[in-house]
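How are the parts of this chain put together, and which contacts link stretches that lie apart in sequence? The report below takes up these points in turn.

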Amino acid sequence: MSEFPKSPLMGQMMNQPLLISSIIKHADRYYGSNEIVSRRVEGDIHRYTYRDCHKRSRQMANALASLGVKMGDRVATLAWNGYRHLELYYAISGSGAVMHTINPRLHPEQIAYIANHAEDQYLFFDLTFLPLVEAFAAHCKTVKGFIMMCDRDRMPAETKIPNLQCYEDLVASNSDQYEWPLFDENSASSLCYTSGTTGNPKGALYSHRSTVLHSYASAMPDALNVSARDSVLPVVPMFHVNAWGLPYSVPLTGAKMVFPGPALDGKSLFDLFEQEKVTFSAGVPTVWLGLLTYVGQNNLQFSSFKRTVIGGSACPPAMMKTFREKYNVEVVHAWGMTEMSPLGTTGTLQSHHLGLPPEQQTAVLEKQGHAIFGVDMKIVGDDGKELPWDGKTYGNLLVRGPWIISSYFKNEGGDVLEDGWFPTGDVATIDPDGYMQITDRSKDVIKSGGEWIGTIDLENIAMAHPLVQQAACIGVFHPKWDERPLLVVVKKPGAEVTKEELIQFYDGKIAKWWTPDDVTFVDALPIGATGKVLKNRIREQFKEYKLPTA
Ligand code: ADP
């Protein structure tokens, strides 16, 4: 971490560290009776308040101390979005240990690799993951004990898992008398590994300071816009990038929290939205696809849902339009990454946009948005030279700020910064107002005859076709042009559409030479552990594909 010069005259404000524990203390004191509602793994609905959550977090903090967990120790979780997981977010980080959330959708071998790399001391897991933990527990070299997040009567009579304890026993046997310790705000608070689509996963190690600052900034009106009058349902999982910071920003603002547990299908989500009067939610496009299909097929309408943040991969404009026009739900397009805690940009209008015709407003909202305060962005060419903000020139997107990583955990990958900036691996344009638009991930860009074709645009056009459910575009070998676009399409259930119709659908919407050379139909696209379409898997599948133009 670089040091900055000190002024001869320093400010005279209190040097209070920014600590995660202060968030749950604030939520208890000022929003103590506001609710946290969880659909449990057990299937029932659990309700309690911020005051109860704080009390049980203190009990759990005492339990961790009794287990010998010390400051800086890593404690892992494999869990859905739920109240016990939230208690751990505060008990582990608040007591100075490091909350290490692991993605249960990873392969058992990958989970063991991550737990060993992190040197986790204990591992907490939800009931659902008992067979998964049994599959890898013996390979964890540093884990002293496993804790199942359930009541006593759910504990297995027999198990291969060594030193297995019950979460509720630990809570019940510990006092709620606990003073959250004060320590340096730059201390590590939580650890999240990137999904590692290339090479081994690498850890982003957040600090108390970075997390608290990210929570402040992400709650702002032109970011997530969360307030004490909201009812928030995070669909984004707490096991990946801290559910975009919502376990912190929601208690900070006092909003009601609604956790969906493992039930992420359209019907379960819709029922919970309605029962708990959810006003705001956040998730990746693939999850919304399921919800919108269910709501559409059953002719339903949301009664309280007003706004959703969509990010993690590009939100197809057709999805935004459906939310807005059919359901009166505002979509805020957001962009970020694990290495950025994750929020970088959000797309909202400014007063000077309000007089524009609707289609121009829509064009602004379809971009990934402008940086939230705290994030600095620039685009550069391959020579590292900064490129203009004209909305047309695209280049490699670099970022910096207090919640953006300076290096990976244990310095994996060595120096990652370029002159103090973090290279995101995304290719983007930035317009004169600072609105950024991702054209592609640099590894997904199609290189055709020395020119670049961004695949996001091609996919968005295909997904605007009324008979297309999902689409992915990849580059496949072409003897003359090196690569040309192949469109891989999942049709809507029962729909019939031909390759020729889809290719024709591009007419007038895009430069002619960007049009896909061919279309192929599949039953489903491969989806990765974080809900994104796995382009590398599709490329692998079609690597021998012969284009008709080749
Ligand atoms: P991973 O672990 O796969 O890197 P992240 O969740 O950190 O997962 O993914 C970050 C990447 O996701 C970004 O670099 C970008 O390529 C993509 N991404 C995130 N949000 C958007 C968005 N709104 N539009 C397009 N791409 C996005």
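This is a predicted model: local features need pLDDT of at least 70, side-chain atom pairs count only at pLDDT 80 or more; totals for chains, interfaces and linings use all residues.

The domain assignment divides the chain into domain 1, residues 21-430, and domain 2, residues 445-541. Taken over C-alpha atoms, the centres of domain 1 and domain 2 are separated by 30 Å. At the interface, 21 residues of domain 1 are in contact with 15 residues of domain 2, and the area buried between domain 1 and domain 2 is about 1500 Å², with 63% of that area given by carbon and sulfur atoms. Within the area that domain 1 buries against domain 2, T286, L289 and Y394 supply 26%, which is more than any other three residues.

As for polar and charged interactions, the count of salt bridges between domain 1 and domain 2 is 0, whereas 4 residue pairs are found in polar contact across the interface, both residues of each pair being at pLDDT 80 or more. On the side of domain 1 that touches domain 2, the elements giving two or more residues are helix 11 (285-297) and helix 12 (317-327), and helix 11 provides the largest share, with 3 residues. By residue class, that side of domain 1 divides into 11 nonpolar, 8 polar and 2 charged residues.

**Pairs that link separate parts of the chain**

The structure holds 28 salt bridges, and one of them is formed by E35 with K256.

Not counting residues up to four places away in sequence, L252 touches I23, H26, Y31, S215 and Y216. A further residue, A219, is 33 residues from L252 in sequence and 8.6 Å from L252 in space, C-alpha to C-alpha.

| Pair | Kind of distance | Value |
|---|---|---|
| E35 and K256 | closest N and O atoms | 3.9 Å |
| L252 and A219 | C-alpha to C-alpha | 8.6 Å |

Most residues other than glycine have a negative phi, and most peptide bonds are trans. Against that background, which peptide bond is cis? The bond from S341 to P342 is cis, with omega near 10°, and P342 has its place in the loop between strand 14 (330-336) and strand 15 (343-346). The other backbone feature concerns N328, a residue other than glycine whose phi is positive, near 60°; N328 is placed in the loop between helix 12 and strand 14. Helix 12 is also one of the elements named above on the side of domain 1 that touches domain 2.

Technical notes: Residues are numbered from 1 along each chain as its sequence is written. Side-chain values use heavy atoms; hydrogens and water are left out. Domain bounds come from an automatic or database domain assignment. Contact means heavy atoms within 4.5 Å. Buried area is the accessible area (1.4 Å probe) that two parts lose on being put together, summed over both. A salt bridge is a side-chain nitrogen of Lys or Arg within 4 Å of a carboxyl oxygen of Asp or Glu. A polar contact is a pair of N or O atoms within 3.5 Å; within protein, one must be able to donate a hydrogen and the other to accept it, and residues adjacent in sequence count only if both atoms are side-chain atoms. Helices (H or I, at least four residues) and strands (E, at least two) are DSSP runs, numbered from the N terminus. Ala, Val, Leu, Ile, Met, Phe, Trp, Tyr, Cys and Pro count as nonpolar, Asp, Glu, Lys and Arg as charged, and the others, Gly among them, as polar.
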